[in-house]
Amino acid sequence: MNKLKPIIDLYTKCVLPALDSVSFLPVFAMRVWIAEIFFKSGQTKLLDWEGTVALFADEYKVPVIPPELAATLGTSVELIAPVLLVLGLGGRFAAVALLCMTAVIELSYMHFDAHIVWALMLALIIFQGPGKLSVDYWLRKKFG
């Protein structure tokens, strides 16, 4: 064990602190990546609103709510939640909204393997928070 002590010390005193100091970067990259997916989808829906409502009526067939309301809610979430997610302002709430949207897409419209990746990334943000590079982190530091 004595032979490993210098390696263990190097790892615990240098490598781990260095990794911890940049641990916010992958979380920020995930937030930006997944936000872009949803935001672009929302922008596309706005470009042809009549077509979007028709999609919700004929193809997506969201249960319970009328297609116009479903289109409005879906598009709103796709345009607002990604901005909040990138800023890290209410990051966990934004991630919950996008996770719910992912579940609705997956369960009511189409299975897509990427939905599992999206769900895991959003779950990480929900449980771990948006990270140090976020308004949420700054607010917590500033106001306790």
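Hi everyone, and thanks for having me. Please keep in mind that this is a predicted model.

Let's begin with helix H2, residues 24-47, and helix H4, residues 67-87. Their axes lie 8 Å apart, and the two helices pack at an angle of about 155°. How do they run relative to each other, roughly parallel or roughly antiparallel? Angles over 145 degrees count as roughly antiparallel, so H2 is roughly antiparallel to H4. The two helices cross in a left-handed way.

Who makes this contact? From H2 we have a list that includes Phe 28, Val 32, Ala 35, Phe 38, Phe 39 and Leu 46. From H4, the partners include Thr 75, Glu 78, Leu 79, Pro 82, Val 83 and Leu 87.

On the H4 side, the contact involves Gly 74, Val 77, Glu 78, Ala 81, Pro 82, Leu 84 and Leu 85. On the H5 side, you can look for Gly 91, Ala 94, Ala 95, Ala 97, Leu 98 and Met 101. These residues divide into ten nonpolar, two polar and one charged.

Next, back to H2, with helix H6, residues 114-128, as its partner. The axes of H2 and H6 come within 11 Å, and the crossing angle is roughly 125°. That makes H2 oblique to H6. Again we have a left-handed crossing, this time of H2 and H6. H2 brings Met 30, Arg 31, Trp 33, Ile 34, Ile 37 and Phe 38 to the contact. H6 answers with Trp 118, Met 121, Leu 122, Leu 124 and Ile 125. How many of the residues in this contact of H2 with H6 are polar? There are no polar ones, with ten nonpolar and one charged making up the division.

Let's move on to some single residues. Lys 61 sits in the loop between helix H3 (49-60) and H4. Is Lys 61 buried or exposed? Its relative accessibility is 55%, and exposed means over 50%, so Lys 61 counts as exposed. Setting aside neighbours within four places in sequence, Lys 61 is in contact with Leu 55 and Phe 56. Now find Ser 108: it is 47 residues from Lys 61 along the chain, and their C-alpha atoms are separated by 7.2 Å.

Compare that with Glu 68, which lies in helix H4. Glu 68 is partly exposed, at a relative accessible area of 46%. Glu 68 and Ala 123 are 55 residues apart in sequence, and their C-alpha atoms are 29 Å apart in space.

Finally, the cysteines. Cys 14 is partly exposed, with a relative accessible area of 43%. Cys 100 is partly exposed too, at 45%. And how many disulfides does the count give? It comes to zero.

That's my tour, and I'm happy to take questions.

Technical notes: Residues numbered from 1 in each chain as written. Predicted model: local features only at pLDDT ≥ 70, side-chain atom pairs only at ≥ 80, totals over all residues. Heavy atoms only, no water. Axes fitted to C-alpha atoms, helices over the stretch in contact; angles between N-to-C directions. Helix = DSSP H or I, 4+ residues; strand = E, 2+ residues; numbered from the N terminus. Parallel < 35°, antiparallel > 145°, perpendicular 65-115°, else oblique. Left-handed = near helix turned anticlockwise from the far one by under 90°. Contact = heavy atoms within 4.5 Å. Disulfide = S-S within 2.5 Å. Buried < 20%, exposed > 50% of the residue type's maximum accessible area, 1.4 Å probe, protein only. Nonpolar A, V, L, I, M, F, W, Y, C, P; charged D, E, K, R; others polar.
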